[in-house]
Amino acid sequence: MSNRKSKNNNLMHAECLSQVQRILRARFCHQNPHSNLFGVQVQYKHLIELLKRTAIHGESNSVLIIGPRGSGKTMLINHALKELMEIGEASENILQVHLNGLLQINDKIALKEITRQLNLENAVGDKVFGSFAENLSFLLEALKKGDRTSSCPVIFILDEFDLFAHHKNQTLLYNLFDISQTAQTPVSVIGLTCRLDILELLEKRVKSRFSHRQIHLMNSFGFPQYVKIFKEQLSLPAEFPDKVFAEKWNENVQCLSEDRSVREVLQKHFNVSKNLRSLHMLLMLALNRVTASHPFVTPADLMEANQLCSMDSKANIVHEFQKFVQRKAHSVYNFEKPVVMKAFEHLQQLELIKPIERTSVNSQREYQLMKLLLDNTQIMNALQKYPNCPTDVRQWATSSLSWL
Amino acid sequence: MPHLENMVLCRESQVATLQSLFGERHHFSFPSIFIYGHTASGKTYVTQTLLKTLELPHVFVNCVECFTLRLLLEQILNRLSHLSSSEDGYCTEITCDTFNDFVRLFKQVTKAESLKDQTVYIVLDKAEYLRDMEANLLPGFLRLQELTDRNVTVIFLSEIVWEKFRPNTGCFEPFVLYFPDYSIGNLQKILSHDHPPEYSADFYAAYINILLGVFYTVCRDLKELRHLAVLNFPKYCEPVVKGEASERDTRKLWRNIEPHLKKAMQTVYLREISSSQWEKLQNDDTDPGQLKGLSAYTHVELPYYSKFILIAAYLASYNPARTDKRFFLKHHGKIKKTNFLKKHEKITSLVTLQLLTLVGHDDQLDGPKYKCTVSLDFIRAIARTVNFDIIKYLYDFL
């Protein structure tokens, strides 16, 4: 009887853990919209105000959201759009167009994508008919015909906005900003970029049509708040089916956040980069170690995860390569020249050395000048770690690198 | 997985990390994983074996084969549609030439029932070539999970470290996993694994031990070592086959094989002669004097005028054109085609011997231009045979 009960328990346990993994993985990897905005409340309010003005009052505007990688720009806009859609009177009317600089690499593709997403008459299913000029004039006419009261507001979201600024003549940007300035169909143009100098990339006529409204996301929280974020990210939501387990898990997370070694790990991580993406990677790696036999995250897991995250890759590669250093000592074999050349070419293929000039026409391959792309300290560290390194190679390296 | 350990040796911790990252089939995994390590450290093999054994839906693409955007994207989409539609034998070939279309078609293909919610893995081997293709390709693949809003993970395999891949304005950072080189113990274990059935495992293990002792200081590349092991094993077994020694007579076997291994280091390691030539050489068992490479260097004997043409070509190729006036009074910088048939024949024969190569187009009106491709040592040897002091005429040695 007790056997069966414990087996049942184990099964439920495994089921629970699978659920936990599912929820937390979706949160860390798939960037599900968070329920909480950490430290960006002011910016969020600003953005939602702007969107409401377009959607409800029919006012056109444009804004740029600027912040370093991983600071939460996409998360912010998605959150704002979700809230906007929940407002009854606006949701049935609003049209959204999502563009991404990585996908739409020139204006022609971007225009086709806009036509497709807005489902205009010259788009049937996925195919868009007509040339670039025809599409553009059709789109502009469609947008210009409207007015504040009777047309559906359109929200354009341009991800990787700086890449759009590299298109020819910045045609798309010019037209979008132009429309947002003239009082026709209410249009909201929102750009997301990681470049602080984005305004310098814009042409003068495009810049003058832009409203110069900027929202900056600067990851401006301190370490105590970072720890709070860590706790919240790792905790299970209230809707989790097995309440007992969820409570135990959350209690464990609370203990973790007060543990000293965990705090050290978090401090190290915080000092390197504040953004949430790297925190997610750390948590994901710690989560990987949770199995049926090890159902809660321990401080050791977090330390291991930290180690995995912060390996110096060049040191790894270099220390495997010391055998190709040319040997001067007589106690070792004098290798034939072609063997050494092969090793040298392999170094070049691994991009540890690079030729100074591009052309090798004027001089022979063996006599070409090369540049070493590594640092002395990296070489020394690699030599320390290298297994079975001949002592004369090590001594030679220390003597020649020490005076530098 | 018991049979997984037998198929993948000496990589337990990497396999464990990958398995825990993959998680269960329907769970999300990290959007992009970057695996790096030296050549022949098992990256491709481990990834392929793991995905096949666990039967996860995956597409394996080599960026050297698919060197243009179109080839790469079309191959991924077509393989995916094959995966998802295993019931009907026929499915239309998908065409795609921009990354935007790829994302759109990818969303459609992964809606299929058989792939429902499972993580799809796209493995890009030799990922360093992605950097030379369109600029949006690498950042796009790193974020594919976000751009397509599907459960997909992209795995990059490369020899080059991640820092050299990062675009200037930053990108989505992948999880970086390192495959360290095999230690000498690991190499021993792996190489002893493919012993031929006629001989005992201990015999082969002793042979591998000797081989590693000679080659480990030079080469730790598993592929090269396997090639050398296969080539030299017949020679090692010779005394046993001929009946001169028993399997346990290690000293005799060592004395037999040692000079051959040293010679193998000079030629076969460089792959200058093919394995069939090497085997023939072993079988001839003639005086192991000068080993002949594939190139013309060691066994060519040129006629008198050809040697001068070669020397002139060398000087023309490696001296800058402006210094010619100092050295010569009448000689031009380039060799021009003249009506003098014999000279042309000699030049053509030098090109056939690969001592000169044609530079520039065939249809250039003022004659073809050639460049000399021999090394300095060789040209000095040639010059010595005709009593010509070439060093005096070389710009680099002034």
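**Exercise 1. State the accessible surface of chain A and the share of it that belongs to carbon and sulfur atoms.**

Solution. The accessible surface of chain A is about 20900 Å², and 53% of this belongs to carbon and sulfur atoms. The structure is a predicted model, in which local features need pLDDT of at least 70 and side-chain atom pairs count only at pLDDT 80 or more, while totals for chains, interfaces and linings use all residues. Residues are numbered from 1 along each chain as its sequence is written, chains are lettered from A and ligands numbered from 1 in the order in which they are written, and side-chain values use heavy atoms, with hydrogens and water left out.

**Exercise 2. Describe the make-up of chain A by helices, strands and buried residues.**

Solution. Step one: chain A contains 19 helices and 9 strands, where helices (H or I, at least four residues) and strands (E, at least two) are DSSP runs numbered from the N terminus. Step two: of the 404 residues in chain A, 48% are buried, that is, under 20% relative accessible area, with exposed meaning over 50% and partly exposed in between (1.4 Å probe, protein chains only).

**Exercise 3. Identify how confident the prediction is, for the model and for chain B.**

Solution. Step one: the model scores ipTM 0.82 and pTM 0.81. Step two: the average pLDDT of chain B is 78, and 80% of the residues score at least 70; pLDDT is the predictor's confidence in each residue, from 0 to 100. Step three: residues 286-296 of chain B have pLDDT below 50, and this stretch has 15 contacts in the model beyond near neighbours in sequence. A contact means heavy atoms within 4.5 Å. Step four: residues 329-339 of chain B also stay under 50, with 12 contacts beyond four places in sequence.

**Exercise 4. Locate strand E4 of chain B among its partner strands.**

Solution. Step three: strand E1 (residues 32-36) of chain B pairs with E4(B) in the parallel sense over 5 bridges, as does strand E3 (residues 120-125) of chain B; pairing requires at least two DSSP bridges between two strands. Step four: B:Ile155 is the bridge partner of B:Ile33, and B:Val123 stands opposite B:Ile155.

**Exercise 5. Which residues touch the most other members of the largest nonpolar core?**

Solution. Step one: a nonpolar core is a set of buried Ala, Val, Leu, Ile, Met, Phe, Trp, Tyr and Cys residues joined through side-chain atoms within 4.5 Å. Step two: in the largest one, of 62 residues, they are A:Trp249, A:Leu266, A:Leu302 and B:Phe22. Step three: helix H14 (residues 276-287) of chain A gives the most to this core, with 9 residues. Step four: apart from it lies another core of 44 residues, among them B:Cys66 and B:Phe141.

**Exercise 6. Why is the pair of B:Phe30 and B:Phe172 classed as it is?**

Solution. Step one: rings of Phe, Tyr and Trp (its six-membered ring) pair if their centres lie within 6.5 Å; planes under 30 degrees apart count as stacked, over 60 as edge-to-face and the rest as tilted. Step two: the ring centres of B:Phe30 and B:Phe172 are 6.5 Å apart and the planes are at 45°, so the pair is tilted. Step three: the two residues are 142 residues apart in chain B. Step four: B:Phe30 is buried at 4% relative accessibility, and B:Phe172 is buried at 5%.

Notes. Areas by Shrake-Rupley, 256 points an atom, 1.4 Å probe, with all protein chains shown as cover.
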